[in-house]
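The following note sets out numbered comments on the structure under review. Each point takes up one region or one kind of contact.

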Amino acid sequence: GIHTHPITITKILQNRKGQLIIATTYGLFVLKDSTASPFIVKGIPLDKLPPILALKEDFNGAIWAGLSSGVLRITDSTINYFNKKNGLCDNAIIDIITDAEGNIWLASDGQGVYRFSGAQFTMLDETVGLPSAQVMSIEAHPNGTLYLGTYDAGLYSFHNGKVLKLHLPFPSGSAINALKYFKGNLWIGMSDYGLIKYDGKRLIPFNKKQQLPSNLITCLYSTSNDKLWIGTINGASYFQQDSFHTVLNKGAVQGIVSIGKDSLLLATNKGLKLYHDDRVASFITN
């Protein structure tokens, strides 16, 4: 009951302390015992922020929140805002990952990709061969290769300082909204062509014909019990042992996080949903 307007949940994260952190169009909240309360840093509640588009914890336990302009880095005692003034950009930050070395990678809408290695930001853009500055999704291979999915120019890899285009027969102009490395394959979530499994050589497409709830993929998430979760604009499925299982067939699913054994929370445009025992129920906070 904090806001009279409906809050859209955009991302969801479980940090190392085991806290469930919920990013919304209004700010950051922590979920505990079915109660959502504002995330507090040094007495300051972070429930009045611009809409949060991306959320990630780094190796030091800091939370990075991508905004419609710039990014926040939040620790137990500090809040840092990075934008053009300190070497980042004023664009929207729409995906964030950490790599094996602990660098933070930030995908921006219009200014390429930025790496933060602890002191300053390094930019990847057209000058290193990235032809699209609108990077929608980013994923790290265990060998250190980074994959970059763009809005309008396909898929790229970045390794040893070089950007290479992966010449995949995607229809031109299809955005790559989500990337996930799962069981030795790169899974690619498209904006209008469903899901594509890439084993390094060939592409295997999956779409509504294979029981996906929609061909517009919004997010990908993998759990330790060998399921790849697929969030779409119209519900969610998981992929396990070569088949898809739909668990929700309405509502846009923007984020998925596992909470304990065989339970997940789904962030949707209709509030939080809890998946448990192959059933989905509304997850009501107080």
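1. The structure is a predicted model, and the comments below should be read accordingly. The protein chain has an average pLDDT of 88, and 95% of its residues score at least 70. Among the elements of the chain, strand 8 has the highest mean pLDDT, 96, whereas the lowest, 82, belongs to strand 14 (residues 121-124). Both of these strands return in the points that follow.

2. An open sheet is built from 4 strands in the order 7-8-9-10, with antiparallel pairing. Its edges are strand 7 (52-57) and strand 10 (79-82); each has a single partner strand, so one side of each is left without a neighbour in the sheet. From one strand to the next, the twist averages 20°. Strand 7 runs antiparallel to strand 8 (residues 63-67), and 5 bridges join the two. Within this part of the sheet, Lys 56 is placed opposite Trp 64, a residue of strand 8.

3. The hairpin of strands 13 and 14. Strand 13 (residues 113-116) pairs with strand 14 in the antiparallel sense, over 4 bridges. Val 113 is found opposite Leu 124 of strand 14. The two strands form a hairpin with 4 residues between them, and Gly 118 in the turn has a positive phi of about 115°. As strand 14 has the lowest mean pLDDT among the elements of the chain, the reader may wish to keep that value in view here.

4. An aromatic link between strands 10 and 13. Over the whole structure, a search finds 14 aromatic pairs. One of them is formed by Phe 82 and Phe 116: the ring centres lie 5.6 Å apart and the planes stand at 40°, so the pair is tilted. Phe 82 belongs to strand 10 and Phe 116 to strand 13, so the pair ties together parts that are 34 residues apart in sequence. Both Phe 82 and Phe 116 are buried. These two residues also belong to one aromatic cluster with Trp 64 and Phe 121.

5. An aromatic link between strands 20 and 25. A further pair is that of Trp 187 and Phe 239, with ring centres 4.9 Å apart and planes at 55°, so this pair too is tilted. Trp 187 lies in strand 20 (residues 185-190) and Phe 239 in strand 25, so parts that are 52 residues apart in sequence are tied together by the pair. Trp 187 counts as buried because its relative accessibility is 1%. Phe 239 is likewise buried, with a relative accessible area of 6%.

6. Strand 25 (residues 235-240) is joined to strand 26 by 5 bridges, and the two run antiparallel. Ala 236 stands opposite Leu 248, which lies in strand 26.

7. Is Thr 218 buried or exposed? Thr 218, a residue of strand 23 (residues 217-223), has a relative accessibility of 14% and therefore counts as buried, the cut-off being under 20%. The side chain of Thr 218 reaches the backbone nitrogen of Thr 232 at 3.3 Å.

8. Surroundings of Ser 174. Ser 174 is located in the loop between strand 18 (162-166) and strand 19 (176-182). With a relative accessibility of 4%, Ser 174 counts as buried. The side chains of Ser 174 and Asp 192 are joined by a polar contact of 2.6 Å. Not counting residues up to four places away in sequence, Ser 174 touches Thr 150, Tyr 151, Met 190, Ser 191, Asp 192 and Tyr 193.

Definitions and conventions: Residues are numbered from 1 along each chain as its sequence is written. This is a predicted model: local features need pLDDT of at least 70, side-chain atom pairs count only at pLDDT 80 or more; totals for chains, interfaces and linings use all residues. Side-chain values use heavy atoms; hydrogens and water are left out. Buried means under 20% relative accessible area, exposed over 50%, partly exposed in between (1.4 Å probe, protein chains only). A polar contact is a pair of N or O atoms within 3.5 Å; within protein, one must be able to donate a hydrogen and the other to accept it, and residues adjacent in sequence count only if both atoms are side-chain atoms. Two strands pair if DSSP finds at least two bridges between them. Axes are lines fitted to C-alpha atoms, for helices over the stretch in contact, and angles run from 0 to 180 degrees between N-to-C directions. Contact means heavy atoms within 4.5 Å. pLDDT is the predictor's confidence in each residue, from 0 to 100. Rings of Phe, Tyr and Trp (its six-membered ring) pair if their centres lie within 6.5 Å; planes under 30 degrees apart count as stacked, over 60 as edge-to-face and the rest as tilted.
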